[in-house]
Amino acid sequence: MTGRNQSTISEFLLLGLPIPSEHQNLFYALFLAMYLTTILGNILIIIVICLDSHLHTPMYLFLSNLSFSDLCFSSVTIPKLLQNMQSKVPSIPYAGCLTQMYFFLFFGDLESFLLVAMAYDRYVAICFPLHYPTIMSPKLCLSLVVLCWVLTTFHALLHTLLMARLSFCVDNVIPHFFCDMSALLKLACSNTHVNELVIFIMGGLVIIIPFLLIIVSYARIFSSILKVPSSHGIHKALSTCGSHISVVSLFYGAIIGLYLCPSTNNSTVKETIMALMYTVVTPMLNPFIYSLRNRDMKRVLCRKKIPLCF
């Protein structure tokens, strides 16, 4: 396990969450319940959208892809976390660590790009309602979804290949509950300048630019809303965007707080808790946000007598 080159590292040790041993079972049950809620909730949204023809619209095409991304995003980290909580040696193979990092980046990036597509959809729907069917054509919507998947594939693959070229030696302990890219770079004993430069450049493309595009879209939306003399029109527009704004706030709030606004006082415990927010909490809350704050989803769920409608 110790050595001077990459070939000697066969596995990493994940320290996991800083939970006292007497509370392990309690938190295990809590995270298992949250994971099952995430899986069932997002699968339910996908099934409802597929079965109800009234929901075959651009917004719900993006939503179904977002739900799929959420359930996969959680599945990348939570099963391994649960396994390690019951294991005396919480290890992960070297290849498994890189694989986990790839899919973590893939589905995290996919959610970021899909949120931009959804913001653009709401922008067109509210600011150009008469031209909405023409602008948001099936061809454009499908192209946007495919573009999201292609961009995330290349971005995640780029970081994974750059990580694979590094050498790791002596220390193989990752102070996290998953193979976080920044944690792995700290363990590398070879030059990481190229990796850090790519992270800086691509981070702006994947996080900052999408976030700014979403901000601009909603600034234009709210500007248009203020021009509407009818209070009913304002309420309708706000209710339409409310669920999306909630998801954006939860997702980008945690990521920006952790990666873009780091504090020197941030401890490993605080960083782990913030990571839990966007890897565990946000994917679990999305089904509730979209089912309870979206009138179309509430209508379908209530008509089919599905328990999420309350």
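Biologist: How many aromatic pairs does a search of the whole structure find?

Modeller: Please keep in mind that this is a predicted model. In general, a pair of aromatic rings is described by the distance of the centres and the angle of the planes. Here the search of the whole structure finds 20 aromatic pairs. One of them is formed by Tyr218 and Phe222, whose ring centres are 6.3 Å apart and whose planes stand at 40°, so this pair is tilted.

Biologist: How should I read the packing of helix H7 against helix H5, and at what angle do they pack?

Modeller: Two packed helices are described by the angle between their axes and the distance between the axes. For H5, residues 138–164, and H7, residues 193–226, the angle is about 170° and the axes are 11 Å apart. Angles over 145 degrees count as roughly antiparallel, which means that H5 is roughly antiparallel to H7. The crossing of these two helices is left-handed.

Biologist: Which residues of H5 and H7 meet?

Modeller: From H5 come His155, Leu158, His159, Leu162 and Met163, and they meet Val194, Asn195, Val198, Ile199, Met202 and Val206 of H7. Sorted by class, this contact has eight nonpolar residues, three polar ones and no charged ones.

Biologist: How do helix H1 and helix H2 cross?

Modeller: The axes of H1, residues 24–51, and H2, residues 58–85, come within 9 Å of each other and cross at roughly 160°, so H1 is roughly antiparallel to H2. Their crossing is left-handed, and the residues in contact comprise 19 nonpolar, seven polar and one charged.

Biologist: What does the packing of H2 with helix H3 look like?

Modeller: H2 and H3, the latter spanning residues 94–127, pack at about 160° with their axes 9 Å apart, so that H2 is roughly antiparallel to H3. This crossing is left-handed, and the contact holds 17 nonpolar, five polar and five charged residues.

Biologist: Which residues does UniProt list as "transmembrane region"?

Modeller: The unreviewed UniProt entry lists several spans under that name, including residues 197–216 and 272–290. In the model, residues 197–216 are 100% helix, with end C-alpha atoms 27 Å apart. Residues 272–290 are likewise 100% helix, and their end C-alpha atoms lie 27 Å apart.

Notes:
Residues numbered from 1 in each chain as written. Predicted model: local features only at pLDDT ≥ 70, side-chain atom pairs only at ≥ 80, totals over all residues. Heavy atoms only, no water. Axes fitted to C-alpha atoms, helices over the stretch in contact; angles between N-to-C directions. Helix = DSSP H or I, 4+ residues; strand = E, 2+ residues; numbered from the N terminus. Parallel < 35°, antiparallel > 145°, perpendicular 65-115°, else oblique. Left-handed = near helix turned anticlockwise from the far one by under 90°. Contact = heavy atoms within 4.5 Å. Nonpolar A, V, L, I, M, F, W, Y, C, P; charged D, E, K, R; others polar. UniProt positions renumbered as here; feature names shortened; annotations may be inferred. Phe/Tyr/Trp six-rings, centres within 6.5 Å; stacked < 30°, edge-to-face > 60°.
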